[in-house]
Amino acid sequence: MRSATALIQQGGPGALTLREAARLAGVSVAAPYRHFADREALLAAVLAEGFDGLAEHTDRARRQAPDALAALRAVGLAYVEFAVANPSVYRLMFGPECDKQAHPGLMASGQRAYGVLVQAVRDAQAAGAVQPGPPEVVALAGWSICHGLASLHADGLLEGRLPLTVAQAAQHLVDMLLAGAALPPPKAAARRR
């Protein structure tokens with residue numbers, strides 16, 4: 001799998017072939033066919049690994065945060081951080097190159113990554129830090145903002161357009177979203193009455 005990921009990182013999706021992955025891994029040309037039916041199956045495995053990495057990265061950030069609202073913020077920042085560190089694979093994870101619906105393992109990996117965000121929203125709602133309502137709606141807002149920024153960066157469309165780093169932009173955008181979704185602390189709400 002590392003060989004396939006390396007090919008994608010070096011030359012984009014067009015560089016990925018079973019033959020080249022075998023050569024880079026130092027195995028026979030027939031060896032990949034024992035594990036993957038075709039190029040798309042290999043690509044699906046690489047993308048599943050990408051989603052699993054995204055889930056691990058965001059969940060680690062969530063678990064290390066000091067409270068539920070900070071955890072929700074950390075998930076958003078970790079999402080962008082993952083995309084910045086893995087732009088080639090990230091682009092493919094959300095691109096049309098692979099028929100994701102045809103690969104249940106890939107879909108499950110994607111759902112696990114999304115599940116980290118939804119859990120962070122649920123935790124923040126349970127703590128009274130974020131407005132009640134369907135957690136998937138708040139998650140979609142956060143995902144849209146972070147995914148948009150990450151995709152713009154991965155596609156090279158932010159070069160020279162921002163007076164700050166992508167990480168700093170992510171902090172600002174996530175904070176703006178949370179400012180709109182967050183509930184005021186109980187003391188502040190009581191003072192307003």
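Helix 5 and helix 7 are oblique to each other in this predicted model. The two helices pack at an angle of about 125 degrees, and their axes lie 10 Å apart. Their crossing is left-handed. On the helix 5 side, the contact is made by Pro87, Tyr90, Arg91 and Phe94, and on the helix 7 side by Trp143, His147, Ala150, Ser151 and Ala154. By residue class, the contact of helix 5 with helix 7 comprises six nonpolar residues, two polar and one charged.

Phe51, Tyr79, Tyr90, Phe94, Tyr114 and Trp143 form one aromatic cluster. Across the whole structure, a search finds six aromatic pairs. Two of the pairs are set out below.

| Pair | Distance of ring centres | Angle of planes | Class |
|---|---|---|---|
| Tyr90 and Phe94 | 5.1 Å | 55 degrees | tilted |
| Tyr114 and Trp143 | 5.4 Å | 45 degrees | tilted |

Tyr90 and Phe94 both belong to helix 5 (residues 87–94), where four residues, about one turn of the helix, separate them. Tyr90 is buried, with a relative accessible area of 1%, whereas Phe94 is partly exposed at 29% relative accessibility.

Trp143 is partly exposed, at 30% relative accessibility.

Technical notes
Residues numbered from 1 in each chain as written. Predicted model: local features only at pLDDT ≥ 70, side-chain atom pairs only at ≥ 80, totals over all residues. Heavy atoms only, no water. Phe/Tyr/Trp six-rings, centres within 6.5 Å; stacked < 30°, edge-to-face > 60°. Buried < 20%, exposed > 50% of the residue type's maximum accessible area, 1.4 Å probe, protein only. Axes fitted to C-alpha atoms, helices over the stretch in contact; angles between N-to-C directions. Parallel < 35°, antiparallel > 145°, perpendicular 65-115°, else oblique. Left-handed = near helix turned anticlockwise from the far one by under 90°. Contact = heavy atoms within 4.5 Å. Nonpolar A, V, L, I, M, F, W, Y, C, P; charged D, E, K, R; others polar.
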